[in-house]
Amino acid sequence: MPRILSGVQPTGQLHLGNYCGAIRQFLDLQAEGHQVFVFVASYHALTSLHDAVALRASIRQVVVDYLAFGLDPARTAIYLQQDVPEVTELAWLLGCVCPFPWMEKMTTYKDKTAKGLEANIGLFTYPILQAADILAVQSDIVPVGRDQVQHIEITRDLAQRFNREFNAEVFRLPGLRLAPHAELLPGIDGEKMSKSYGNTIDPFAPEKELKTRIMSIKTDSKGVDVAKDPDNCTVYRIFRALAGPGDPRTVELASRYRDPSRQPGGKGFGYGHAKLALLELVLDHFAAARKRRAELLADPGQVESVLKAGAQSARSLAQATVAAARQATGL
Ligand code: ADP
Ligand code: TRP
């Protein structure tokens, strides 16, 4: 079974877009029986977040949310990047074979500094640390979003260059897997759902807040008797992404958009009805997750022990990799 690793930045409240684009993929891979490693990229976050209280809280929240969503510590190692310090040593070893221009061409660095992030050395060499995360546990496949493809390519290049430079087969070359549900989830304003746009839906919000949020999704003003095109409606698109296009509930919803007279009661079908259907779906889909999250928040010790066990599994692999890499270099 291939080994899978992915990292998530602790950058605040997770939303439905993160769930559909990233988290669900980890859950699928876990269910397929792969050996999965998911870690919180805390050192990476430090390249742009210099607020100890905020960082600590974000790290914790990501772990709680991932566990609540269904990552199962019995099958998936969950750990914090700083609990596997071998990764930073490996980053140094890889940095010593990394030509400067390889980092200069990274689009993420250019994008982030263009957005106003400080151009510090950590941010510049970010992809080397990411390569170390991946190579330390000798991951075969890295599930990522499109924006991360260049980082996986550079990881392969660094692994190959190290192996060649020191004439040793220290690293396996990882492959990548793009999220199968490639469509970006829209937010309540119809644009890409993103925390930076303030248009997100939080599946863990209290029911009342969730309802207000869903009822505020922007739609056109077609009345209840008018046929509507589901594919152009944000409410329907979110519903379809969450339930799946083939789900009978999605099929039924689409047919009510197209023929509002099919709504039981014969009073027509409007966007308000669609929004209530979406609310019901979200509450149903995340019922177990919401319950688990409340339990985890009440029992901090549980999170600590999960992280400890996760770090142990990752560390034993990372220690072996770093030992082999040191040996290859002559250290
Ligand atoms: P945000 O845009 O809210 O800052 P991030 O960039 O932190 O989100 O994304 C974290 C993960 O969630 C990435 O893997 C990304 O591909 C996925 N993701 C974020 N927003 C969406 C979206 N609207 N639709 C699908 N996937 C998304
Ligand atoms: N750079 C990734 C992001 O911004 C997070 C990350 C760090 C990562 N190390 C990784 C992802 C290793 C996959 C593998 O989303």
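I began at ligand 2 and found one of its nitrogen atoms 2.8 Å from an N or O atom in the side chain of D133, which I noted as a polar contact (a pair of N or O atoms within 3.5 Å). Q130 has a polar side-chain atom 3.0 Å from a nitrogen atom of ligand 2, and for Q148 I read 2.9 Å between a polar side-chain atom and a ligand nitrogen. I then looked up the cover and saw that the protein takes up 89% of the 370 Å² of accessible area that ligand 2 has on its own, by the Shrake-Rupley method with a 1.4 Å probe.

Before going on, I noted that this is a predicted model in which local features need pLDDT of at least 70, side-chain atom pairs need 80 or more, and totals for chains, interfaces and linings use all residues. Residues are numbered from 1 along each chain, chains are lettered from A and ligands numbered from 1 as written, and side-chain values use heavy atoms without hydrogens or water.

I listed 14 residues around ligand 2, with G7, Y126, Q130, D133 and Q148 the closest; a residue is near if one of its heavy atoms lies within 4 Å. Helix α8 gives the most to this shell, with four residues; helices here are DSSP runs (H or I) of at least four residues.

Lastly I turned to helices α1 (residues 16-31) and α11 (residues 234-243), whose axes, lines fitted to C-alpha atoms over the stretch in contact, come within 11 Å and cross at roughly 30 degrees. The two are therefore roughly parallel, a word kept for angles under 35 degrees.

Note on methods
Polar contact = N/O pair within 3.5 Å; in protein donor to acceptor, adjacent residues only side chain to side chain. Axes fitted to C-alpha atoms, helices over the stretch in contact; angles between N-to-C directions. Parallel < 35°, antiparallel > 145°, perpendicular 65-115°, else oblique.
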